[in-house]
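Subject: Structure handover

Hello,

Here is the structure I promised to pass on. Please open it first, then read my notes beside it.

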Amino acid sequence: MSATAKKKALMPQDIRARKGGVPIVSLTAYTTPMAQMMDAHCDFVLVGDSVGMVLHGLPSTLGVTMDMMILHGQAVARGLSRAMMVIDMPFGSYEQSPQQGFANAARLMAETGAGAVKLEGGRHMADTIAFLVARGIPVMAHIGLTPQSINTLGGYTVQGRDAGAQAVTEDAKAVAQAGAFAVVLEKVPEKLADVITAQVDIPTIGIGASAGCDGQILVVDDMLGLFTAFKAKFVKRYADLGDAAEAAIAQYAKEVRARSFPAAEHVFANTSPAQKDRK
Ligand code: KIV
C-alpha cells in the first residue's frame with residue numbers, strides 16, 4: 001500500500017454479508033482515542049446515545065441531543081479508518097414522521113461521515129426505516145429493550161419473555177423486511193434471540209441476548225469498568241480501569257500534598273541543557 005493510500009472502511013453491505021459467518025464485533029465509542037484503539041479489532045463502532053449516561057452523567061438517554069451526537073460522532077470518525085461508524089439517532093429526532101427521521105439522519109451522516117444510523121423500534125418504525133433506506137441512508141434497527149422507551153416499558157426490563165416473544169419476533173421480521181441491514185437485540189431471552197437469528201436474513205447483534213447472535217456489542221465504558229454507577233447482568237468487565245484511574249488520582253494528590261511531585265526529572269534547570277536534553 002502506498003504511503004497515501006487509505007484503508008477502505010467496512011460498509012453496511014460488508015456487515016450484512018456476515019450473516020451466519022464469523023461473529024461481528026462491535027463496541028460503542030464517543031472519543032477519538034477510544035475509536036483508535038478499536039479500529040483494528042471491531043467491525044463497526046457505534047456512537048451510542050449511551051454517551052449521555054456514561055460521559056455526561058445524564059440519568060437516561062432521553063436528554064441526548066443531535067448536537068451531542070454530532071460532536072461525539074465527529075470525534076469518533078477521526079479515530080477510524082477500517083471499522084464502520086454507526087451513529088444513534090437520539091430520542092425525539094425520528095419518531096414523529098419518516099420525513100423528520102430523514103432530515104435528522106441526513107444531518108448526522110453529512111456532519112459526521114457515519115456509514116449508517118441506528119434507531120430504536122420495531123414494527124412501528126418499519127415505515128421510517130424503509131423511507132430512509134430508499135433515500136440512501138443505511139439503517140441498523142434496535143429492538144427488544146429500547147432504552148429511549150423506558151417510560152412506556154416501565155424500566156430496563158427483559159423483553160420477549162413468555163407471550164412477549166411473538167411481539168419481539170414480529171419486530172425483527174418487520175425491520176428486516178423494511179430494509180434494515182442489521183438489528184440489535186437488547187435484553188431478550190437467549191432462546192428467543194437464537195430463534196430470531198435463525199428466522200431473519202439480516203445479522204442480529206446481541207447485547208444481553210445470546211452468543212448465537214451474528215454479532216455482539218457492549219458499551220465500552222461498561223466493559224472497561226469506567227462506568228460503575230450500575231452493572232447490568234449482561235455486562236462482562238474485561239478491565240477495571242475506573243479503579244486504576246482513581247488509584248492513580250489518589251496517588252497524585254498524595255504526592256502533591258507531600259511535595260514529592262514534581263520530582264527532579266519533571267522540572268527545568270536555569271541553564272540551557274544540551275540539545276539532546278531539550279524537551
Ligand atoms: O447507545 C448505546 O450504547 C446502544 C447500545 C447499548 C446498543 O444503543
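Below is what was found, moving from the whole chain to single residues.

**The whole chain**

Keep in mind that this is a predicted model. The protein chain has 11 helices and 8 strands. Its C-alpha atoms fill a box of roughly 75 × 45 × 35 Å along the principal axes. Of the 279 residues in the protein chain, 47% are buried. Residues 24 or more positions apart account for 59% of them.

**Around the ligand**

Which residues are around the ligand? They are Thr28, Leu46, Gly48, Asp49, Ser50, Asp88, Lys118, His142, Glu186, Ile207, Ile217 and Val219. Ser50 has a side-chain N or O atom 2.5 Å from an oxygen atom of the ligand. For Asp49, a polar side-chain atom lies 2.9 Å from a ligand oxygen. For Asp88, the distance from a side-chain N or O atom to an oxygen atom of the ligand is 3.0 Å.

Helix 4 covers residues 66–77. Its 12 residues, at 1.5 Å a residue, should span 16 Å. The end C-alpha atoms are 16 Å apart, so the two values agree. Which residues of helix 4 are buried? They are Met66, Met68, Met69, Ile70, His72, Gly73, Ala75 and Val76. The cover over these buried residues includes helix 2 (32–38), strand 2 (44–47) and helix 3 (51–54). It also includes strand 3 (84–88) and helix 5 (98–112).

Ser93 sits in the loop between strand 3 and helix 5. Is Ser93 buried or exposed? Its relative accessibility is 3%, so Ser93 counts as buried; the cut-off is under 20%. The side chain of Ser93 reaches the backbone oxygen of Pro90 at 2.7 Å. Leave out residues up to four places away in sequence, and Ser93 touches Met66, Gln100, Gly101 and Asn104. Met66 is one of the buried residues of helix 4.

**Strand 6 and Ala182**

Strand 6 runs over residues 182–186, and Ala182 is part of it. Ala182 has a relative accessible area of 0%, so it is buried. What does Ala182 contact, leaving aside neighbours within four places in sequence? The residues are Val139, Met140, Ala141, Ile202, Pro203 and Ile205. Compare that with Ile137. Ala182 and Ile137 are 45 residues apart along the chain, and their C-alpha atoms are separated by 13 Å.

**Aromatic rings**

A pair of aromatic rings is described by the distance of the centres and the angle of the planes. The structure holds 2 aromatic pairs. One joins Phe227 and Phe230, with centres 5.6 Å apart and planes at 85°. That angle is over 60°, so the pair is edge-to-face. Phe227 is buried, at 12% relative accessibility. Phe230 is partly exposed, with a relative accessible area of 47%.

Tyr252 and Phe261 make another pair. Their ring centres are 5.9 Å apart and their planes lie at 65°, so this pair is edge-to-face too. Phe261 is partly exposed, at 32% relative accessible area.

One charge also sits over a ring. Arg135 lies over the face of Phe131, at 3.6 Å from the ring centre.

**Helix 11 and what follows**

Helix 11 covers residues 241–257. Its 17 residues should span 24 Å at 1.5 Å a residue, and the end C-alpha atoms are 24 Å apart, which agrees. Arg259 follows helix 11 and has a positive phi, near 55°. Where is the cis peptide bond that involves Pro262? It joins Phe261 and Pro262, with omega about 0°. Pro262 is found in the segment after helix 11.

**Positive phi in two loops**

Asp162 is not a glycine, yet its phi is positive, about 50°. Asp162 lies in the loop between helix 7 (150–153) and helix 8 (165–178). Asp162 counts as exposed, at 74% relative accessibility. Lys187 also has a positive phi, near 50°, and is a residue other than glycine. Lys187 lies in the loop between strand 6 and helix 9 (190–199).

Best wishes

Conventions
Residues are numbered from 1 along each chain as its sequence is written. This is a predicted model: local features need pLDDT of at least 70, side-chain atom pairs count only at pLDDT 80 or more; totals for chains, interfaces and linings use all residues. Side-chain values use heavy atoms; hydrogens and water are left out. Rings of Phe, Tyr and Trp (its six-membered ring) pair if their centres lie within 6.5 Å; planes under 30 degrees apart count as stacked, over 60 as edge-to-face and the rest as tilted. Buried means under 20% relative accessible area, exposed over 50%, partly exposed in between (1.4 Å probe, protein chains only). A charge sits over a ring if NZ of Lys or CZ of Arg is within 6 Å of the ring centre and within 35 degrees of the ring normal. Helices (H or I, at least four residues) and strands (E, at least two) are DSSP runs, numbered from the N terminus. The expected span of a helix is 1.5 Å times one less than its number of residues. Contact means heavy atoms within 4.5 Å. A residue is near a molecule or strand if one of its heavy atoms lies within 4 Å of it. A polar contact is a pair of N or O atoms within 3.5 Å; within protein, one must be able to donate a hydrogen and the other to accept it, and residues adjacent in sequence count only if both atoms are side-chain atoms.
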